[in-house]
Amino acid sequence: MPVFDQQETRKPPISQIGAVLWLKTNLFSSWINSILTFASLYLLYIMIPPLLNWMIFDASFSFGTINFFGFEIKFSEEMATNDNCGRVGACWPYIYEKLYMYTYGFYPRTETWRPNTVFALTGLLFVIVPLIKNYKYKNRVTLSLIILYPLISYVLIAGGFGLLTPVDTDQWGGLLLTLIIASVGIIVSFPIGVLLALGRQSNLKVIKLFSTLFIEFIRAVPLITILFMASFVLPLFLESGNYFDKLLRALIGIALFQAAYFAEVVRGGLQAIPRGQYEAADAIGLSYFQKNVLIILPQALKISIPNIVGSSISLFKDTTLVLIIGLFDMLAMVNLTSNDPYWLGRETEGFVFVTMVMWAILYTMSRYSRKLELRFNTENKN
Amino acid sequence: MYMKKIILDSLGKSQHRGLNFRDMLYNNEARAFFFQIVTFVLVVGLFYTAIGNLFQNIDERGINTGFTFLKNRAGFDILPFLGNYVVDYTPESSNFSVFYVGLVNTLVVAFVGIILSTLIGLLIGIARLSNNYLVAKLAGGYIELFRNVPILLQILFWYNLFINLFPHPKQSFAFFDIMFLNQRGLYLPKPIPEDGFMLAAISLLLGIIASYFVKKYYKKKHELTGIHTSTWPFSIALILGLPIIVFLILGSPLQFDIAVLGKFNLRGGMNVVPEFLALTFALSVYTATYIAEAIRSGIEAVDKGQKEAAAAIGLTPTQSLKLIILPQALRVAIPPTINQYLNLTKNSSLATAIGYPELMSAFGGTVLNQVGQAVEILAMAMLVYLVISLFISLLLNYVNNKMAIQGR
């Protein structure tokens, strides 16, 4: 009696599964692709190893002391110098020594706790904001945060009011200044931008004309010309004797510049709102103010959130331009310290460091904007 | 009943023609008029005060006004680059020639940068969509790396790296002994046109015009008769062949001055300063990330069905790419690309940080510091950027109109 002899299922050929299949379809699907793969590998080979050697394997790490947001980490008693670092790899002790200037600029060393508190508060904000989403009094909490946070930060950093020793704005610098310029720029320019966008969409000819002229003018010229205007010409426009802080002038320039860009972003959102929404708001008898605040803007701003973040990223990149009018943000600090006669020829380390910091911040922001874009994209995709 | 009374009352009121404050308050036209007047008065008032203060301040500080400073002697050296040769600049030249030098240098950076960034952007944008995993990831890494670093930082970084990395003039990198690269920049052969070279140049222009008409003629023929003729052999013969023949007949009227290594430095040739190299490189590499994204989104925007439909009606892959895919992809990709050209031109003003003598650096920087007439100088610089931006917007409108889907 023949017995059905069950055989084991044969495995698929090795070229049809797993890593081999993946390699075949993704890297060696045709001879052109194979050439491209080898070319890319060669490109990586000539770039990555020298970079790693310079940054890590041939680099010096363990000299001197590092001060990291108030925490001191001591590597060795020996002071770092240009000589004991060598010339083959990077000299990171140079960064340890300059880290204070990169972070705080010329901020008095005895008062470091103040910017540190602001940094900590800012970090805390990222923890609190997601938490208050489901909280009962979320509107009150949000409002008080919006008012209190900048106020506390300003008092802490600037001092004065008989509480803390005042610190002049020309002593602010480094990453601290970069963050101040970026956040003030965004916060101040946003409402102006919304008003300009509404103005440009308005039926009132004169308001529309002024808004359009302003937006188009600002968008046509480079930020440098605006910063030069703010720092050289703005004082001339004011009544003589009015003292105007250099930082404040730059902030005015940046806020006006950014407002024009925000206006265009918000206008895009306004244009995407169906006409029916405007007509319905009119039909139920809402005033212009009610119509915009209750019906149009909530929808328009929601649509434009990804672009608002995108525009904020550009602003963050543009804050580096204040270097040209003589404010010492992080990049300017790197540029300045590279002239240190004690550390000749260490510019590259500084630039690589600031590149890494800037890149990390900007990359996080752009990831965040992409996430928002996906979340707000309610359009069905098939 | 009550509602009816109110409505009737209000109707009665609005029929009352006299000047009624309440009616005015709730009349849309009156309100609109009022708000516009208020805005107008506020803006004009602001300008009036500002300008008044300006004149007062200028008086008090003893700053000159007007544009006479343009005729004054500049009195400073400018880094020798193309602008200097075009204008024949010396420290004895006027401030206006500094403006002119700066303008030429800005346009040179913009022109070279636009070409380079388009090439890199095309390459990266296509590589980003490659079905080769490694190539696609490398292109993605390139985009993520360079677009998330501020452009000013990139300019400073490359400038610093070029200065430190390139060798001393004595140990220049030589490419076939005609091009040299060292700390002082790139030395290219300098073309010296002789008599008759203009004739060759004119024949190139004629060739381009003629090939345009040839193409137009055969296109019309194609539309009328359906007979397709490839025009590219004609184009090559007219655009490349004609000038080369003219050039050879005239006995090659073009010499090259090649740089020679002297005792301390290279002599002769055309020196491309490292400031220019760093600036153009940084701008191209940065702008290319945006162009690459524009091109990628353009190609992705073409529906898959379009390619399938093209194949179904029997078009070859080349025809399908040329006639179906590219026209639709370019419609999406070109407008943002042109916007990036404008951004590149505006960003070239960051050369101030490394001292490449373009408009904002030579004129808006050095002249401004010497003369102190910030209002006039900045107004002139801004006007240049406004004109450039206007020109690019016009170009954009033209392209948009040309590419718009023609509804029937």
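This is a predicted model: local features need pLDDT of at least 70, side-chain atom pairs count only at pLDDT 80 or more; totals for chains, interfaces and linings use all residues.

Reader: What is the largest nonpolar core like, and which residues have the most contacts inside it?

Author: The largest nonpolar core has 132 residues. Those with the most contacts inside it are L227(A), L152(B), I155(B) and L279(B).

Reader: Which helix gives the most to this core?

Author: That is helix α10 of chain A, residues 246–272, with 14 residues. There is also a second, separate core of ten residues, and F63(A), C85(A), C91(A) and W92(A) are among them.

Reader: Ok, on to the contact between the chains. How many residues does each chain bring?

Author: Chain B brings 47 residues and chain A brings 44 residues.

Reader: Which elements of chain B give two or more residues to the side that touches chain A?

Author: They are α3 (28–61), α6 (133–147), α7 (151–165), α12 (317–347), α13 (359–371) and α14 (374–403) of chain B. Of these, α3(B) gives the most, with 13 residues.

Reader: And what classes of residue are on that side of chain B?

Author: The side of chain B that touches chain A has 29 nonpolar, 15 polar and three charged residues.

Reader: New topic: chain A as a whole. How many helices and strands are there?

Author: Chain A has 14 helices and two strands. Its domain assignment gives domain 1 (112–166) and domain 2 (173–376), and the C-alpha centres of these two domains of chain A lie 22 Å apart.

Reader: How does its radius of gyration sit against a compact globule?

Author: Chain A has 28 Å, whereas a compact globule of 382 residues would have a radius of gyration near 21 Å. Along the principal axes, the C-alpha atoms of chain A fill a box of roughly 100 × 70 × 45 Å. Buried residues are 32% of the 382 residues in chain A.

Reader: Now chain B. How many helices and strands there?

Author: Chain B has 14 helices and eight strands. The box filled by its C-alpha atoms is roughly 100 × 75 × 45 Å along the principal axes.

Reader: How is chain B divided into domains?

Author: Domain 1 of chain B is 82–187 + 265–403, and domain 2 is 190–257. The centres of these two domains of chain B, taken over C-alpha atoms, are 28 Å apart.

Reader: One helix to finish: α8(B). Why does 42 Å between its end C-alpha atoms agree with its number of residues?

Author: Helix α8 of chain B, residues 197–225, has 29 residues, and at 1.5 Å a residue they should span 42 Å, so the 42 Å between its end C-alpha atoms agrees.

Reader: Which of its residues are buried?

Author: The buried residues of α8(B) are A200(B), S203(B) and G207(B). What covers them includes α9 (232–249) of chain B.

Reader: And what comes just after α8(B)?

Author: G226(B) does, and it takes a positive phi of about 85°.

Methods: Residues are numbered from 1 along each chain as its sequence is written. Chains are lettered from A and ligands numbered from 1 in the order in which they are written. Two residues are in contact if their C-beta atoms, placed from the backbone, lie within 7 Å. Helices (H or I, at least four residues) and strands (E, at least two) are DSSP runs, numbered from the N terminus. Ala, Val, Leu, Ile, Met, Phe, Trp, Tyr, Cys and Pro count as nonpolar, Asp, Glu, Lys and Arg as charged, and the others, Gly among them, as polar. The expected span of a helix is 1.5 Å times one less than its number of residues. A residue is buried if 20 or more other C-beta atoms lie within 10 Å of its own, exposed if 12 or fewer, and partly exposed in between; C-beta atoms are placed from the backbone. The radius of gyration is taken over C-alpha atoms; the globule rule is 2.2 Å times the number of residues to the power 0.38. Domain bounds come from an automatic or database domain assignment. A nonpolar core is a set of buried Ala, Val, Leu, Ile, Met, Phe, Trp, Tyr and Cys residues joined through C-beta atoms within 7 Å.
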